[in-house]
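Here is a short briefing on one structure. Read it with the model open beside the text.

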Amino acid sequence: MARKIVVTGGKGGVGKTTVCANLGIALAHKSKRVLLMDLDIGLNNLDVTMHVEDKVVFDLVDVIENRCRPSQAFIQDSAEPTLYVMPSCHLAKRQINADQIKRVVSRLEDNFDYIFIDCPAGIDSGFRRAVACADEAILVVTPHLSSVRDADKAIAELIGNTPVSVVINRVRGDLVASGEMLSPFEVFSLLGQTALGVLPENDYVNCNVRGSSVAAFDLLASNLETGKCELYDCVTPYKGVFGRLRRKLKRNA
Ligand SMILES: Nc1ncnc2c1ncn2[C@@H]1O[C@H](COP(=O)(O)OP(=O)(O)OP(=O)(O)O)[C@@H](O)[C@H]1O
Ligand SMILES: [Mg+2]
């Protein structure tokens with residue numbers, strides 16, 4: 001039976017889709033069967049992030065309206081054979097409700113270890129619909145006060161129903177070390193929820209380039225699996241004498 005996890009965050013553009021995609025890749029790399037479902041209906045871009053937009057034939061709305069079977073809407077990842085994407089509809093007007101999506105999810109949950117649900121920004125009907133289909137929530141937040149505040153509002157909507165764990169995305173170790181950015185510790189304590197992971201700012205995060213993001217996502221995936229909380233350290237390399245030098249080089253880059 002799959003773990004059904006909604007990836008949400010309140011604020012737009014904090015990296016929900018990026019986390020969904022890369023966490024799926026990291027878990028599939030460990031041979032887990034993973035389905036990524038795009039519930040950002042109307043502004044969907046999980047297919048683009050996963051580089052499968054040219055392969056979309058059917059989508060979630062086609063499944064709900066019985067134009068195809070769920071498996072016909074799956075798109076298999078080209079690199080990870082146990083990773084599938086179910087795209088959503090690009091027409092915002094399509095009215096589908098949480099019960100219809102839940103029925104699709106419950107038909108699929110025996111076939112996967114993880115079903116990740118990519119949630120739209122905000123805390124309105126699209127958010128509630130996505131959250132209703134999951135048992136757990138990953139809250140993606142960036143180390144900026146505006147994002148922390150929106151994340152806090154999302155937590156208020158989630159509390160009582162869904163266990164929440166927090167991922168801090170786009171952390172710049174150089175700015176944390178120089179005191180110009182909130183540290184992961186500060187963000188976790190402001191939100192007061194279980195810490196799941198820290199991800200560095202990385203220009204190549206969606207380009208299949210092996211780099212700091214891959215190690216950070218691998219750590220995130222094992223935290224999710226084991227329930228441990230080993231955090232990727234973006235800050236220590238920017239501390240001390242050599243750290244100051246690295247900071248200077250980064251600033252001038
Ligand atoms: N760790 C990171 N380092 C650098 N860029 C990142 C990182 N995470 C996400 N991005 C970039 O930020 C942009 C927004 O990311 P993404 O689409 O995942 O956000 P989102 O929360 O899903 O947005 P929306 O609310 O619109 O659905 C993308 O261009 C993505 O490549
Ligand atoms: Mg998104």
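In which strand is the place of Ala137? Ala137 belongs to strand S6, residues 136–141. The model is predicted.

**Ala137 and its surroundings**

- Ala137 is buried, because 26 C-beta neighbours fall inside 10 Å and the cut-off for burial is 20 or more.
- Leaving aside residues up to four places away in sequence, Ala137 touches Ile5, Val6, Thr8, Val131, Leu158, Thr162 and Val164.
- Phe116 is 21 residues from Ala137 along the chain, and their C-alpha atoms are 9.4 Å apart.

**The sheet**

- An open sheet is formed by 8 strands.
- Their order is S3-S4-S2-S5-S1-S6-S7-S8, and the pairing is mixed.
- The edges are S3 and strand S8 (194–200), each of which pairs on one side only.
- S3 (residues 75–76) pairs with S4 in the antiparallel sense, over 2 bridges.
- Ile75 has Val85 as its bridge partner in S4.
- The link from S3 to S4 is a hairpin through 6 residues.
- On its other pairing, S4 runs parallel to strand S2 (residues 34–38), joined by 4 bridges.
- Here Val34 stands opposite Leu83 of S4.
- S2 also runs parallel to strand S5 (residues 114–118), with 5 bridges between them.
- Met37 is the residue opposite Ile117 in S5.

**Burial of S4**

- Which residues of strand S4 lie on one side, and which on the other? Leu83 and Val85 are on one side, Tyr84 and Met86 on the other.
- These four residues are all buried, and both faces of S4 (residues 83–86) are covered.

**Helices on the sheet**

- Helix H6 (residues 125–132) lies across strand S1 (3–8), S5 and S6.
- The direction of H6 is at about 160° to S1.
- Helix H7 (residues 145–158) lies across S1, S6 and S7.
- H7 runs at about 165° to S6, the strand that holds Ala137.

**Packing of H7 with H9**

- Two numbers describe a pair of packed helices: the angle between their axes and the distance between the axes.
- For H7 and helix H9 (residues 184–191), the angle is about 35° and the axes are 10 Å apart.
- The crossing of H7 and H9 is right-handed.
- H7 contributes Val148, Ala151, Asp152 and Ile155 to the contact.
- H9 contributes Val187, Leu190 and Leu191.
- By class, this contact of H7 with H9 has 6 nonpolar residues, no polar ones and 1 charged.

**The shell around ligand 1**

- There are 18 residues around ligand 1.
- The ones that come nearest are Gly12, Gly15, Thr17, Thr18 and Ala121.
- Two elements give two or more residues to this shell: helix H1 (16–29) and strand S7 (164–171).
- H1 provides the largest share, 3 residues.
- What is the class make-up of the shell around ligand 1? The shell has 4 nonpolar, 9 polar and 5 charged residues.

**Residues with positive phi**

- Most residues other than glycine have a negative phi.
- Ser31 has a positive phi, near 70°.
- Ser31 sits in the loop between H1 and S2.
- Is Ser31 buried or exposed? Ser31 is exposed, because 11 other C-beta atoms lie within 10 Å and the limit for exposed is 12 or fewer.
- Arg170 also has a positive phi, near 65°.
- Arg170 is placed in strand S7.
- Arg170 counts as buried, because 21 C-beta neighbours lie inside 10 Å.

**Ser189 in H9**

- Ser189 is found in helix H9, the helix that packs with H7.
- Why does Ser189 count as exposed? The reason is its 10 C-beta neighbours inside 10 Å.
- Ser189 and Tyr232 are 43 residues apart along the chain, with 17 Å between their C-alpha atoms.

Terms used. Residues are numbered from 1 along each chain as its sequence is written. Chains are lettered from A and ligands numbered from 1 in the order in which they are written. This is a predicted model: local features need pLDDT of at least 70, side-chain atom pairs count only at pLDDT 80 or more; totals for chains, interfaces and linings use all residues. A residue is near a molecule or strand if its C-beta atom, placed from the backbone, lies within 6 Å of it. Ala, Val, Leu, Ile, Met, Phe, Trp, Tyr, Cys and Pro count as nonpolar, Asp, Glu, Lys and Arg as charged, and the others, Gly among them, as polar. Two strands pair if DSSP finds at least two bridges between them. Two residues are in contact if their C-beta atoms, placed from the backbone, lie within 7 Å. Axes are lines fitted to C-alpha atoms, for helices over the stretch in contact, and angles run from 0 to 180 degrees between N-to-C directions. A crossing is left-handed if the near helix is turned anticlockwise from the far one by less than a right angle, and right-handed if clockwise.
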